Each structure stands twice: as structure tokens, then as C-alpha cells.
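Got a new structure open and wondering what the labels on it rest on? Let's go through a few of them together.

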Amino acid sequence: MRRFFLVLLVAALIGGGGYYWYASHTGGAGSGTTAGGAANGAKTQAQASARTVPVVTQKVAVQAVPEQIVTIGSVQPIAAIAIKARVDSVVETVAFTEGQEVKAGDTLFTLDSRSLDAQLRQAQANLERDRANLDKAKGDVKRYGELVRTSAISRTTYDAAVATADALEGTVKADLAAIEAAKVSLSFTRITAPMDGRTGTITAKVGTMVRAADSNPLVTLTQLRPINVAFNVPEKHLPAIRTAMAAGSLAVTASIAGSHGETAQGKLSFVDSQVDQQTGTILVKGEFPNADTRLWPGQFVDTVLTLRVEQNALTIPDLAVQTGQKGRFVYVVKPDETVEVRPVTVERSHGGLSVVASGLQAGERVVVDGQSRLFPGAKISERAGKPAAPPPGETVEGGRRQGSAVEETAGTRTQTTGGAT
């Protein structure tokens, strides 16, 4: 038994010594590894601090930037007149073709006038008859006047003759009015254009019976010069629009999809008297000369209303503006070619440029591309090339840009490039 315990004691001593030797040698190796790792980390950090980030920069510019409201508008004619018959008759001739442009006073239709001619001749005959009776009655009054002075006839007979003459004078006047009415009705058999315009579809061909009570027009005449473009703007812009209108006329530009950048120029002519409570917008209209008939009734167009032009605006590309937890900021390049984070206030955006209200000064350099690898104090190097543009229809921050009539013709969507952002 003593021998057994002695063997266990020797084994425990050998095991303890082996563990001590292993722990001491392993701990020394680990300390060396830690020290080497720290040295390597310091070296890597030094290399990282010496490395530069390639970016594209641009200076803060001072330039004239317009304040505009961009939206989708629809072309509307100032006048569209439904031409109807004013007498019951039959279409005798059609003096134009569908889609033809006509001038005011041009003949459009002629109607059968034979019955109205007969009515006019009858009224003229009645006038001749009644005038003859009036002449006879006036002669009687003159003769009876001489007889009543000599008491040859009674006063009653004289008064009756005077009344007959007066009645016939009224009849003659009625005949004259009937003749005028017959002439007016006869003039309705020649239907003329009340204004310059373009004709639409002809619904009454030669030989068609037309009536004054018909609801369908013979043709619709649409005015093309000048023409209106109607569009809705948010009610928050109404004070700015009214203020700008008080200073002078406001320019409105309309561009048509597929016109290769061609635009039509007009002036703001109308602001509705009420705000639509359902949509929170107000209807406004611009009037365009439309001499070349580029604008066509019913078209959807991209409409730009210019409120003012800010002459000395601080501008930077939209791509330079970043959004963080504390708001918008830009990376500003310092003289030692390192960057700092600068909070900015963007007043509005126009044509890919942001108008900066505060946070920057003219001439400072801001980073417009390559921000993803930057941090405060990072050293940068200028690289060649243009900054990557956002996808079509997107801004840097993922928002929608100005739309077009091709993209949106089913409804009206408004984006303001001149309001506060």
C-alpha cells in the first residue's frame, strides 16, 4: 500500500513539473506574438494615414440661378365654339374641309333659304298694304279736321279717324320689325366663322336636315392662336407667385415630348380665385402666342414657371451634398489637402445645382465624387474624370427629379426647384 501511494506521489510531481514547464514556455511565446502584432498594427496605421483618397472636387461658384416651379401642364384653347344652326333648314353647301384653318367671317355652311325668302317677301307685301291704308287714314284725318271746324261732322267721327290712323302707324312699324326679323332669319342660312380657328369633324353633310333645337353642333371651331397652358401648383407657392406678379409679368416655358428640346415661351395670364381644398393646389394658366401652332389642344407639356432670378447665388453640384444623422453636409477640402465635414443649409435646387444658404463661402473646394471612402482629416488627391451622375429620374439622395410628359400623362405631379428644401 505504501508503495502504491509513493507511485501516485511521483506521478503527481512529474505532471506538475511538466505543466509548469509548458505554461512558462507558452506564455513567453504569446507575449512575443502580442508585441509583434502591436508593432505591425502601428505600421499599418501609419501607412493608412499616409495613403490618399482619389476624389473629384469643385469650387463653390457664384452665379445667377432662377427660382422656378416645374410641373406638368395641359394645353387648352382660349375658345372652342360649337357651330350650330339657328333656323330649321337643309344643308345646301359645306364651304370647308375637316381640319382646315379658317378666318373670322369665312363661310362655313349655307342652308336652303327658299322658305325664308318667301317669308321676307310676305312681310314686305304686308308693309306695302298697311302703308297704303295709313296714307288713306291720314287723308281722312285731314279732311275731317276741316269739317269738324265747320261743325259739318261730329267730333266723335273725327276722333275715330285719328285713332284709325294711329293704329295703322303702329301696324306699319310692326311690319318693319317683321321684315327685319325675316332678314335676320335669312342671314342665318349663311353660317360664318365667328373667329380665326381650326375646324374639327363635320357632322352635317350636304342634304342633312338641321334644326335650331339640335344638341349636336355642325362643327367645332377651336382657336389655336393664342393658346393657354393650364397647370396646378401647390398652394404654399401662391404668396410667392402673387409677389412676383406684382413686380411684373412672369415667364412660362412649355416643352413638348419628342420636340428635341424645343420650347414655347409665354406669360402667366391667370391665377384662379380659389384653392382646391381636395388637392391643396391652385390652377394657373400661361398664355402663348403659338404662332407656329406647336402647342396643340389637349397635349401634356412640361411647364416651367419662373418666379425670379437670384443673381449672386452660392452654388455647388447636387452630388456634393450628403445627408447624415444631423442633416445635410459636404466634405470641404482644406489648404493641406485634407477634408473636413461642414454642415450646410440648402435653400433650393435647380438644374443639378444646389443653392447654399449657409455653411460655405465662394471659392471653397468641395468633394463631388468619392465621398464613400472619406472621413474627417482624410488626405485626398484630385483625380481626373467627371463625377458619376445619378440614375435617370433620380437625385443624389434618391428622390425624383423633374418629370416629363412622356413619363407622366395620366396625372399632374409637381416639383418645385425654387422653394425651400
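Q: Leaving aside neighbours within four places in sequence, what is Leu295 in contact with?

A: Quite a list: Val75, Ile227, Val229, Ala254, Ile256, Ala264, Phe288, Asn290 and Val301. Contact here means heavy atoms within 4.5 Å. Bear in mind that this is a predicted model, where local features need pLDDT of at least 70, side-chain atom pairs count only at pLDDT 80 or more, and totals for chains, interfaces and linings use all residues. Residues are numbered from 1 along each chain as its sequence is written, and side-chain values use heavy atoms, with hydrogens and water left out.

Q: Which residues have the most contacts inside the largest nonpolar core?

A: Ile241, Phe288, Leu295 and Leu305, in a core of 22 residues. Such a core is a set of buried Ala, Val, Leu, Ile, Met, Phe, Trp, Tyr and Cys residues joined through side-chain atoms within 4.5 Å. Strand E11 (227-234) gives the most to this core, with four residues.

Q: Why is Thr293 called buried?

A: Buried means under 20% relative accessible area, exposed over 50%, and partly exposed in between (1.4 Å probe, protein chains only). Thr293 comes to 18%, so Thr293 is buried. Its phi is near 50°, a positive value in a residue other than glycine.

Technical notes
Helix = DSSP H or I, 4+ residues; strand = E, 2+ residues; numbered from the N terminus.
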